[in-house]
Amino acid sequence: MDEANQLAKLSAQLADPTRAAIVVSLMDGSTRPTGELQISANVSPSSASMHLSKLVSARILTVVKQGRLKYYRIATAAVAHAVEALSIIASPGAALQMAARSSLNPFSFARTCYDHLAGKLGVEVVAAMQSRNFIRASGKSYKVTASGSDWLNEMGIDWKELQSERRLFATQCLDFTERRHHLSGALGAALLARMIELDWIVKLRVPRAVRLSDKGRMELSKRLCLEFTNEHNVKYKPK
């Protein structure tokens, strides 16, 4: 019963629309001040402070004080995964789902899920990595193969060092629009960070929105045999 009570208390924090809006606005992995979160949730300063305090107490968010300002972010990757999972359960009706999955929707094509790549591009990158035997599914996670180790090293990713981190290494995360898995965990975060560093992926001003650059399209075609039939459509096509 203790576990059930704790789950009920945690769920109650996200049941409030204002607190849910605050959490969703931080799902891009960003750190934001109280004033910005107040605006995104469309509430008064006192109301925002009250809701943020509850989210911190529930360990959904963490807070850091810098000078006179407080900055908030999602507490852990596990919290972000739980929120993404809840969004799948609470997904809208069929018409809106079809629009979300449309190849004309850039958010469906590529976005971030906390700190890793999601959307059509995210799941096709994983499909290509599995088909080329760079990673293998193992339960709810992925394991890096010998050839995958070489590929990651060529990408400039020290994946063995990532395994020493406290967070999970390489996990399967069910994609909201694709209903297939993309790569999360420390390896997923490192892969997205490296793609951004190489200017393959460009972050946009809209939270969680990213854009695949021409350079990224060319490199992913070469390195993972991804075929881009148009600006918002991609599929693994082995040579």
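The model is predicted, so local features need pLDDT of at least 70 and side-chain atom pairs count only at pLDDT 80 or more, while totals for chains, interfaces and linings use all residues. Residues are numbered from 1 along each chain as its sequence is written, and side-chain values use heavy atoms, without hydrogens or water.

**Confidence**
- Mean pLDDT (the predictor's confidence in each residue, from 0 to 100) is 84 for the chain, and 90% of its residues reach 70 or more.
- Over residues 93-100 the pLDDT is below 50.
- Where pLDDT is low, the predicted coordinates should not be read in detail.

**Sheet**
- Three strands (DSSP E runs of at least two residues) form an open sheet in the order E1-E3-E2, with antiparallel pairing.
- Pairing requires at least two DSSP bridges between two strands.
- E1 (32-33) and E2 (61-66) stand at the edges, each with a single partner strand, so one side of each is left without a neighbour in the sheet.
- Six bridges join E2 to E3 (residues 69-74).
- Thr 62 has Arg 73 in E3 as its bridge partner.

**Lys 9**
- Lys 9 lies in helix H1 (residues 2-15).
- Lys 9 is exposed (over 50%), at 54% relative accessible area.
- Its C-alpha atom is 8.3 Å from that of Ala 58, 49 residues apart along the chain.

Conventions. Helix = DSSP H or I, 4+ residues; strand = E, 2+ residues; numbered from the N terminus. Buried < 20%, exposed > 50% of the residue type's maximum accessible area, 1.4 Å probe, protein only. Contact = heavy atoms within 4.5 Å.
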